[in-house]
Amino acid sequence: MTRNKLYWLFLIACFLGFIYLLYHLQDYKNTHFGVCIIKNVTGIPCPSCGTTRAVQLLLQGNVLASLQMNPFGILVVLIMTIVPFWIIFDLIFKKDTFHKSYIQIEKTIRIKWLAVILIVLVLFNWIWNIYKQI
């Protein structure tokens, strides 16, 4: 993927994520609608179910409850917080540090043993979500 496409993709994803989070924070108490297609169709939560609630708990300062809800929440907060500033830095200073890092991370997670570990972690998270009945 080209540098510009990658940067636009991440900026748009973060922007939409912020909009969704702000909307969800406003209407959190009044809505029980979930956007997870897997859970809506099967009744079984997916590995990422509860991530929005985990982000909300983290933003409220409740780190332990956030981790218990879904550990992906911390990863999402880190990405949504750091990536836009990193990309803006690259654009202002005409660098491509984010693009190079993304390519390196992509290469790294393609290492078979590491990919297996990451897949196992996602499976454990999925089992945890099913156990909790999110």
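Reader: What is the handedness of the crossing of α3 and α5?

Author: Keep in mind that this is a predicted model. In it, the axes of helix α3 (residues 51–59) and α5 come within 8 Å. The crossing of these two helices is right-handed.

Reader: At what angle do α3 and α5 cross, and what orientation does that make?

Author: The axes of α3 and α5 cross at roughly 70°. Angles of 65 to 115 degrees count as roughly perpendicular. The orientation of α3 to α5 is therefore roughly perpendicular.

Reader: Which residues of α5 does α3 meet, and how many residues of the contact are charged?

Author: From α3 come T51, A54, V55 and L58, and they meet F72, G73, I74, V76 and V77 in α5. Sorted by class, this contact has seven nonpolar and two polar residues.

Reader: How are α1 and α5 oriented to each other?

Author: Helix α1 (residues 3–26) packs with helix α5 (residues 72–92), and their axes are 10 Å apart. The angle is about 140°. Over 145 would count as roughly antiparallel, and the crossing here is left-handed. By its angle, the pair is therefore oblique.

Reader: Which residues of α5 take part in the contact with α1, and how does the whole contact divide by class?

Author: On the α1 side you will find R3, Y7, F10, L11, C14, G17 and F18. On the α5 side they meet I79, M80, V83, P84, I87, D90 and L91. The residues of this contact divide into 11 nonpolar, one polar and two charged.

Reader: How do α1 and α3 cross, and what orientation is that?

Author: The axes of α1 and α3 come within 11 Å and cross at roughly 75°. That makes the orientation of α1 to α3 roughly perpendicular.

Reader: Which residues of α3 does α1 meet?

Author: The residues on the α1 side are Y20, L21, H24 and L25. By class, the contact has five nonpolar, three polar and no charged residues. The partners in α3 are T52, V55, Q56 and L59.

Reader: Is H99 buried or exposed?

Author: H99 lies in helix α6. Leaving aside neighbours within four places in sequence, H99 is in contact with M1, T2, R3, L6, Y7 and D90. Buried means under 20% relative accessible area. At 13% relative accessibility, H99 is therefore buried.

Reader: What does Y7 touch?

Author: Y7 is a member of the largest nonpolar core. Residues up to four places away in sequence are not counted here. The residues that Y7 touches are I87, D90, L91, K95, D96, T97, F98 and H99.

Reader: What is phi of K94, and where does K94 lie?

Author: Most residues other than glycine have a negative phi. For K94, phi is a positive value, near 50°. K94 is exposed, with a relative accessible area of 74%. The place of K94 is the loop between α5 and α6 (97–109).

Reader: Which residues is W128 in contact with?

Author: W128 is found in helix α7 (residues 112–132). With a relative accessible area of 35%, W128 is partly exposed. Leaving aside neighbours within four places in sequence, the contacts of W128 are Q68 and M69.

Reader: How far apart in space are W128 and T2?

Author: In sequence, W128 and T2 are 126 residues apart. In space, taken from C-alpha to C-alpha, the distance is 37 Å.

Reader: How many helices and strands does the protein have, and what pattern do they follow?

Author: The secondary structure comes to seven helices and zero strands. Read along the sequence, the pattern is α-α-α-α-α-α-α.

Reader: What share of the residues in the protein is buried?

Author: The C-alpha trace spans about 45 × 40 × 30 Å along its principal axes. The protein has 134 residues, and the buried share is 25%.

Note on methods: Residues are numbered from 1 along each chain as its sequence is written. This is a predicted model: local features need pLDDT of at least 70, side-chain atom pairs count only at pLDDT 80 or more; totals for chains, interfaces and linings use all residues. Side-chain values use heavy atoms; hydrogens and water are left out. Axes are lines fitted to C-alpha atoms, for helices over the stretch in contact, and angles run from 0 to 180 degrees between N-to-C directions. Helices (H or I, at least four residues) and strands (E, at least two) are DSSP runs, numbered from the N terminus. Angles under 35 degrees count as roughly parallel, over 145 as roughly antiparallel, 65 to 115 as roughly perpendicular and the rest as oblique. A crossing is left-handed if the near helix is turned anticlockwise from the far one by less than a right angle, and right-handed if clockwise. Contact means heavy atoms within 4.5 Å. Ala, Val, Leu, Ile, Met, Phe, Trp, Tyr, Cys and Pro count as nonpolar, Asp, Glu, Lys and Arg as charged, and the others, Gly among them, as polar. A nonpolar core is a set of buried Ala, Val, Leu, Ile, Met, Phe, Trp, Tyr and Cys residues joined through side-chain atoms within 4.5 Å. Buried means under 20% relative accessible area, exposed over 50%, partly exposed in between (1.4 Å probe, protein chains only).
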